[in-house]
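Student: I have a model open and want to learn how to read its packing. Can we work through it feature by feature?

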Amino acid sequence: MKLSWSFLDNELYRDLSIRPSLLKNTLRARGIENGIVVLDEIQRLPDILNEVHQIIEETGSSARKFKRSGVNLLGGRAGRFNFHPLAYPEIKDMNVPLHDILNKGLLPSAFTSAYSDDFLSDYVGLYVKEEIEAEGGIRNLPPFWDFLRLAAAGSAEITNYENISRDIGISGVSVRSWYSILLDTLLAFEVPPYRKTKIRKSNAKSKFYLFDVGVMKKLHGLKNIEEGTSEFGRYFESYIAMEIRSALDYTLNNEGLNYWHTNNGYEVDFIINEKVAVEVKTTKRVSNSDLKGLKALKEEGLMEKYILVCRSDYPELLDNGILILPYKDFLEELWAGSFF
């Protein structure tokens with residue numbers, strides 16, 4: 001059995017505010033002892049966690065809100081499980097064109113709608129108003145909108161706090177704080193640099209990816225992501241990043257996701273659990289220039305696999321040990337657990 005309550009229900013919110021024990025008593029009355037309890041939007045009533053602490057072991061609500069309120073964080077008992085937009089196993093039988101994925105994103109309501117742009121506009125507006133403003137304490141929204149646009153435009157690129165600070169006229173400290181808000185509210189995730197190479201040293205700056213390419217496009221202010229443009233490549237990389245992050249979270253593989261970039265320009269987009277190097281290209285015909293980052297990293301001898309993900313029609317294993325995978329083949333292997 002399960003119980004699902006949303007604290008957006010004002011009547012329920014009022015009743016629990018007055019009498020928190022209603023939750024425990026309802027579970028007893030329904031005989032739910034080992035079932036699933038879902039409490040959505042629990043940040044509206046953080047004091048209910050004192051009651052929750054007695055009857056469940058985990059919650060998925062906002063740690064930023066709880067820290068600020070000084071409430072019970074279920075120390076020693078809580079776990080964290082992140083939910084993501086639709087993932088490849090949920091849509092693979094639908095044969096959705098890559099163009100549609102990059103333009104609609106994978107939030108269910110946008111993905112299934114003929115009016116995805118309208119939904120994404122509403123989502124972005126409501127998210128900033130209801131979540132960011134409330135959770136992050138943002139009072140001066142116009143500069144924050146500029147920051148969101150630049151964060152979307154810079155997704156999948158090495159983050160330069162100083163450039164963003166200069167472009168929107170705020171301090172570097174504020175830029176770092178605002179990125180922290182994006183992480184806390186799950187609007188973005190961080191990919192730190194892999195720094196264990198010896199022959200070529202890696203830089204020390206992270207990349208940030210927004211959690212959904214549709215939301216990324218809307219915040220970026222783009223109308224359409226077209227094949228052959230530089231944006232197509234960046235959004236394709238961001239989509240692959242979304243899938244890797246989702247797969248890591250859903251399979252509870254928390255060892256890490258990194259990228260590799262050297263001062264002299266060698267780069268590999270992703271390092272999965274310090275074992276698998278993944279470079280992402282939109283090309284349909286792989287050239288030597290597409291492989292230079294993987295070849296350079298391979299000289300270190302640190303990884304178990306070296307993979308180029310692209311839009312070719314066939315998988316290939318090259319003489320140098322680099323595996324070329326069409327992106328759908330890569331996603332099949334990823335979700336089958338082959339890289340963990």
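Student: Which way does H13 cross H15, left-handed or right-handed?

Tutor: H13 passes H15 in a right-handed crossing. Bear in mind that this is a predicted model.

Student: What describes such a helix pair?

Tutor: Two packed helices are described by the angle between their axes and the distance between those axes. Here, the axes of H13 (residues 230-250) and H15 (residues 327-335) come within 10 Å and cross at roughly 15°. Angles under 35 degrees count as roughly parallel, so H13 is roughly parallel to H15.

Student: Which residues of H13 and H15 meet?

Tutor: From H13, the list is Phe236, Tyr239, Ile240, Glu243, Ile244, Ser246, Ala247 and Tyr250. They meet Tyr327, Phe330, Leu331, Leu334 and Trp335 of H15.

Student: Now a second pair. At what angle do H9 and H12 pack?

Tutor: H9 (residues 141-153) and H12 (residues 213-220) pack at about 125°, and their axes are 8 Å apart. H9 and H12 are therefore oblique to each other. H9 passes H12 in a left-handed crossing. On the H9 side, the contact uses Trp145, Leu148, Arg149, Ala152 and Ala153. Met216, Leu219 and His220 contribute from H12.

Student: Let me zoom in on one residue. Is Phe144 buried or exposed?

Tutor: Phe144 lies in H9. Buried means under 20% relative accessible area. Phe144 has 0%, so it is buried.

Student: What does Phe144 touch?

Tutor: Leaving out residues up to four places away in sequence, Phe144 touches Ile132, Ile138, Trp178 and Leu182. Take Ile132: it sits 12 residues from Phe144 along the chain, and their C-alpha atoms are separated by 9.6 Å.

Student: On to the sheet. What is the order of its strands?

Tutor: The sheet is open, has six strands and runs E5-E6-E7-E8-E10-E9, with mixed pairing. Its edge strands are E5 and E9 (316-317), and each pairs on one side only.

Student: Which helices pack on the sheet?

Tutor: H13 does, touching E5, E6, E7 and E8. The direction of H13 makes about 15° with that of E6. H15 packs on the sheet too, touching E7, E8 and E10 (323-326). The direction of H15 makes about 100° with that of E10.

Student: In which sense do E7 and E8 pair, parallel or antiparallel?

Tutor: E7 (residues 276-280) and E8 (residues 305-310) pair in the parallel sense over five bridges. For example, Val276 has Lys305 in E8 as its bridge partner.

Student: And how do E5 and E6 pair?

Tutor: E5 and E6 (residues 267-272) are antiparallel, over four bridges. Asn258 has Ile271 in E6 as its bridge partner. The hairpin of E5 and E6 has five residues between the strands. In that hairpin, Gly265 takes a positive phi near 100°.

Student: Where do the side chains of E5 point?

Tutor: In a regular strand the side chains alternate between the two faces of the sheet. In E5, Leu257, Tyr259 and His261 point one way, while Asn258 and Trp260 point the other way.

Student: Why is E5 described as largely enclosed?

Tutor: Five of the five residues of E5 (residues 257-261) are buried, so E5 is largely enclosed by the rest of the structure.

Student: Last, the whole chain. How many helices and strands are there?

Tutor: The chain has 15 helices and 10 strands. Of its 340 residues, 47% count as buried. The chain exposes about 17,000 Å², and carbon and sulfur atoms supply 47% of that.

Notes: Residues are numbered from 1 along each chain as its sequence is written. This is a predicted model: local features need pLDDT of at least 70, side-chain atom pairs count only at pLDDT 80 or more; totals for chains, interfaces and linings use all residues. Side-chain values use heavy atoms; hydrogens and water are left out. Buried means under 20% relative accessible area, exposed over 50%, partly exposed in between (1.4 Å probe, protein chains only). Helices (H or I, at least four residues) and strands (E, at least two) are DSSP runs, numbered from the N terminus. Two strands pair if DSSP finds at least two bridges between them. Accessible areas come from the Shrake-Rupley method with a 1.4 Å probe; for residues, only the protein chains shown count as cover. Axes are lines fitted to C-alpha atoms, for helices over the stretch in contact, and angles run from 0 to 180 degrees between N-to-C directions. Angles under 35 degrees count as roughly parallel, over 145 as roughly antiparallel, 65 to 115 as roughly perpendicular and the rest as oblique. A crossing is left-handed if the near helix is turned anticlockwise from the far one by less than a right angle, and right-handed if clockwise. Contact means heavy atoms within 4.5 Å.
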